[in-house]
Amino acid sequence: WTEFASRMAQAGTAFSSDQAPPEAMRSMRAAFLKAWGESCEQAMRSPEFLEAVRKAMAGAIEMRRQTNEWLGRLQHEFQGTSRQDVDQIMLVMKHLEQRLVDGFERIEGRLDEFDTRLDDLEAKARSGARPARRAARPASVKTRAPSGKSARKSPRKKKK
């Protein structure tokens, strides 16, 4: 602050008598604002000021967290839903949506694969070639039982 005061004193004595009074006031104002700006910038860049701002911000963040927590408890005591509850539900819904999209993409890939295989079989059938024999199915793959009357065996009638 002493540096600021000395700059202000120099600005007051720096005006010359050949300048008009309004011009002298403008130069004094410019010198004052320049000195004030420089001293403010110097103070704001000091480690002490930066540490104080950091502590103030940390305190404000902690106060906000505690207030949100207290309001959430208050909502639960009144049998209501808090913002944290809604945020958790939204997060679960987002994960569920992503899992569904991933599942649909896998199904779409399989359908594309089946479509390609079907097109190949149709092309071979049109050309008169016999389709290639399928490889043996693994034991884990279930086969459908044939439908229709021929698949069902009726019990034999006894002769009298």
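Student: In the salt bridge that R65 forms with E69, what distance lies between the closest N and O atoms?

Tutor: Side chains of opposite charge can pair when their charged atoms come close. The term salt bridge is applied here to a side-chain nitrogen of Lys or Arg within 4 Å of a carboxyl oxygen of Asp or Glu. For R65 and E69, the closest N and O atoms are 3.0 Å apart. Please note that this is a predicted model, in which local features need pLDDT of at least 70 and side-chain atom pairs count only at pLDDT 80 or more, while totals for chains, interfaces and linings use all residues. Residues are numbered from 1 along each chain as its sequence is written, and side-chain values use heavy atoms, with hydrogens and water left out.

Student: Which other residue forms a salt bridge with R65?

Tutor: That residue is E62, whose closest N–O approach to R65 is 2.4 Å. E62 and R65 are separated by about one helical turn because they are three residues apart in helix α3 (residues 47–77).

Student: Which residue forms a further salt bridge with E69?

Tutor: R73 does, the closest N and O atoms being 3.9 Å apart. E69 and R73 are four residues apart in helix α3, so about one helical turn separates them. Through shared partners, the salt bridges join E62, R65, E69 and R73 into one network. By this rule, the count comes to five salt bridges.

Student: Why is E62 classed as partly exposed?

Tutor: The classes rest on relative accessible area: buried is under 20%, exposed is over 50%, and partly exposed lies in between, using a 1.4 Å probe and protein chains only. E62 is partly exposed because its relative accessible area is 33%. R65 has a value of 42% and is partly exposed. E69, at 39%, is also partly exposed, and R73 counts as partly exposed at 47%.

Student: What pattern does the protein follow along the sequence?

Tutor: The pattern reads α-α-α-α, with four helices and zero strands. Helix α2 (residues 21–44) holds E38, which has a relative accessible area of 34% and is therefore partly exposed. The C-alpha atom of E38 is separated by 8.7 Å from that of F4, a residue 34 positions away along the chain.

Student: Which residues form a nonpolar patch on the surface?

Tutor: Patches consist of residues with over 30% relative accessible area and no salt bridge; like charges are joined within 9 Å, and nonpolar side chains (Val, Leu, Ile, Met, Phe, Trp, Tyr) within 5 Å. Here the members are I89, M93, L96, L100, F104, I107, L111 and F114, with about 800 Å² of accessible area together. One of them, L96, is found in helix α4 (residues 83–127) and counts as partly exposed because its relative accessibility is 41%.

Student: What percentage of the 160 residues count as buried?

Tutor: The share is 6%. Areas come from the Shrake-Rupley method with a 1.4 Å probe, and for residues only the protein chains shown count as cover. The protein exposes about 15700 Å², 59% of which is supplied by carbon and sulfur atoms.

Terms used: Helix = DSSP H or I, 4+ residues; strand = E, 2+ residues; numbered from the N terminus.
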